[in-house]
Amino acid sequence: DVGYSILRYHDKLKDTWKLSPGSHKASYGVESPHLPGVTVNATATADGDRAHLTMKITNGGEKTLHRIKPLLCFHYDRLAGFPQRLTNNFEYIYVVIDGKPVRLADIATENPEADAKVAYVRGCDQHDCGKFANSRGGLIDKDIDIALIAIAGKDSRRKVVITFTPGKSILSNAFIPCAHADPFFGDLEPGESIEVKGEVLFTEEDLESVVNDLLERGVGKAKGQ
């Protein structure tokens, strides 16, 4: 179940990120220290009120990489005025169900006091966070519309909206605290590459309007949807 590690935040890699002049774009391209020949290339580009993200995995090895499981973790507690660890976090975190933003606090799970919650994107059959979610009693039964998670500041005015396309799942852990809108890579045969795209949007707009715009653009949907 654990499989192989491709790239992790604690891998000891020097000079990974490269900044463009003016620091409007950051990028890296590295070979996995665990799987020779497998490379990860990523970019983050500032564009007004948002950052556009890409992540590309290329399998230059000899073995098929099965059911790649990305975990892209955003620590929102570093933003001034946003929820800190175990401070009723789910009252400020939203996902999209039936076209509307819904607070995680309003979505029932097996354990009413769960400090971590997970949901899968409708149409994606890669369900690989259940063990973690069930250990906390925080698996959400109903699939969400898209891989989108939004965090509101405690003043409810400022929001951060995170999306990835194609979408796989969302995860939020109030203990860290963090928010995930994780993309789908699936299997990667030798010689193949797969790239996913994401956005991190900083806004004071009405969250429902933001969600409607993203839904119209097809952001965060499962592959083939």
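Predicted model: local features only at pLDDT ≥ 70, side-chain atom pairs only at ≥ 80, totals over all residues.

Visitor: OK, what does Glu 208 pair with?

Guide: Lys 100; their side chains form a salt bridge at 2.7 Å, N to O. Glu 208 sits in helix H2 (residues 207-217) and Lys 100 in strand E7 (residues 100-103), so the bridge ties together parts 108 residues apart in sequence.

Visitor: Which residue does Arg 157 bridge to?

Guide: Glu 204, with the closest N and O atoms 2.7 Å apart. That pair also links distant parts of the chain, 47 residues apart: Arg 157 is in the loop between strand E9 (148-152) and strand E10 (159-165), and Glu 204 is in the loop between strand E14 (193-203) and H2.

Visitor: Which residues are linked in a network of salt bridges?

Guide: Asp 49, Arg 50, Glu 199, Asp 213 and Arg 217.

Visitor: Switching to the nonpolar side: which residues in the largest core touch the most other members?

Guide: Val 95, Ile 149 and Ile 162, out of 43 residues in that core. Strand E4 (residues 50-59) gives the most to this core, with 4 residues.

Visitor: What is Ile 162 in contact with, leaving aside neighbours within four places in sequence?

Guide: Its contacts include Phe 74, Ile 149, Ala 181 and Val 200, as well as Glu 199, which is also part of that salt-bridge network.

Conventions:
Residues numbered from 1 in each chain as written. Heavy atoms only, no water. Core = buried A, V, L, I, M, F, W, Y, C linked by side-chain atoms within 4.5 Å. Buried < 20%, exposed > 50% of the residue type's maximum accessible area, 1.4 Å probe, protein only. Helix = DSSP H or I, 4+ residues; strand = E, 2+ residues; numbered from the N terminus. Contact = heavy atoms within 4.5 Å. Salt bridge = Lys/Arg side-chain N within 4 Å of Asp/Glu carboxyl O.
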